Amino acid sequence: MSKEIKKLVGDKAAAYVEDGMTLGLGTGSTVYWTIEKIGEMVQQGLKVQGIPTSIATEEQAKRLGIPLVTFRDVSHIDVTIDGADEVDPELQLIKGGGGALLREKMVAMASTRVIIVADESKIVDRLGQFPLPVEVVTYGLDRTAYDIEQLGGKSTVRKKDGETYMTDNGNIILDCDFYPITAPEKLSQQLNMLPGVVENGLFTNIADTVLVGTAEGRVIIK
Ligand code: 5RP
């Protein structure tokens, strides 16, 4: 997706932000533009506070002067805006391409409304062509990978710059091929039952609204 489409859809999502809101601030190259826009709005006097879903987003929000809070300060979030790697017709998602899925799911599930920003390449009939990210503890990694394989998913340890990728929480990501995912909610529950799994990237019944940026420069609301 081009930077222009990401910016178009990212900017558009900022229109859902109102004075006084507590915001969940997602992670990724699309919601990056929403956060930049919110930063501009804050500089113009908007009063909001945000909970970031990653260290990268926290750093961006700090740079922009967006006031930040934690779950110690608030128990509820008004609106979370975040990206996605795949969106199906029921607005079920795969997330975690950026490795922030655990914090993203915690923040989204504490939110009254969850808005997803994406481009049309993320819209799919069936989830799973994007390998499903599963955050696992380092201990017993091979056993967890075996357990995931028993559920039908071949997994690959995520690498970055030739090294094993570590999440902000000090865990590992297994990118798992479960295509086609026919029952996302069931698979999500099965994965989260495995002792070595911290969280998985299936976001079922979480997204309320999806803003889709198109190549023609339009934003479709789902
Ligand atoms: C990070 C995510 C991102 O929201 C997802 O990967 C989409 O990112 P981008 O907008 O850069 O395509 O889930 O964990």
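Asp161 lies in the loop that joins strand E9 (159-160) to strand E10 (163-164). The model is a predicted one, and in it the phi of Asp161 is near 50°, a positive value in a residue other than glycine. With a relative accessibility of 73%, against a cut-off of over 50%, Asp161 counts as exposed.

Asn205 belongs to the loop between strand E13 (202-203) and strand E14 (209-213). Its phi is also positive, near 55°, and at 55% relative accessibility Asn205 counts as exposed. Most residues other than glycine have a negative phi, and most peptide bonds are trans. The peptide bond from Tyr179 to Pro180 is cis, with omega near -5°. Pro180 is placed in the loop between E11 and H6.

Four strands form an open sheet in the order E8-E11-E7-E12, with antiparallel pairing. Strand E8 (154-157) and strand E12 (197-200) are at the edges; each has a single partner strand, so one side of each is left without a neighbour in the sheet. From one strand to the next, the twist averages 30°.

Within this sheet, strand E7 (residues 132-136) and strand E11 (residues 172-177) are paired in the antiparallel sense over five bridges. Pro133 stands opposite Asp175 in E11. Helix H4 (residues 101-109) packs on the sheet and touches E7, E11 and E12, its direction making about 65° with that of E12. Helix H6 (residues 184-193) lies across E7 and E12 and runs at about 160° to E12.

The chain is divided into domain 1, which comprises 3-123 + 205-221, and domain 2, which covers 132-200. Their C-alpha centres lie 24 Å apart. In the interface, 13 residues of domain 1 are in contact with 15 residues of domain 2.

The size of an interface is often given as the accessible area lost when the parts come together. Between domain 1 and domain 2 the buried area is about 1100 Å², of which carbon and sulfur atoms give 53%. Leu101, Leu102 and Lys105 supply 42% of the area that domain 1 buries against domain 2, more than any other three residues. One salt bridge is found across the interface of the two domains. The side chains of Lys105 and Glu199 meet in a salt bridge, with an N to O distance of 2.9 Å.

Conventions: Residues numbered from 1 in each chain as written. Predicted model: local features only at pLDDT ≥ 70, side-chain atom pairs only at ≥ 80, totals over all residues. Heavy atoms only, no water. Pairing = 2+ DSSP bridges. Helix = DSSP H or I, 4+ residues; strand = E, 2+ residues; numbered from the N terminus. Axes fitted to C-alpha atoms, helices over the stretch in contact; angles between N-to-C directions. Contact = heavy atoms within 4.5 Å. Buried < 20%, exposed > 50% of the residue type's maximum accessible area, 1.4 Å probe, protein only. Domains from an automatic or database assignment. Buried area = accessible area lost by both parts, 1.4 Å probe. Salt bridge = Lys/Arg side-chain N within 4 Å of Asp/Glu carboxyl O.
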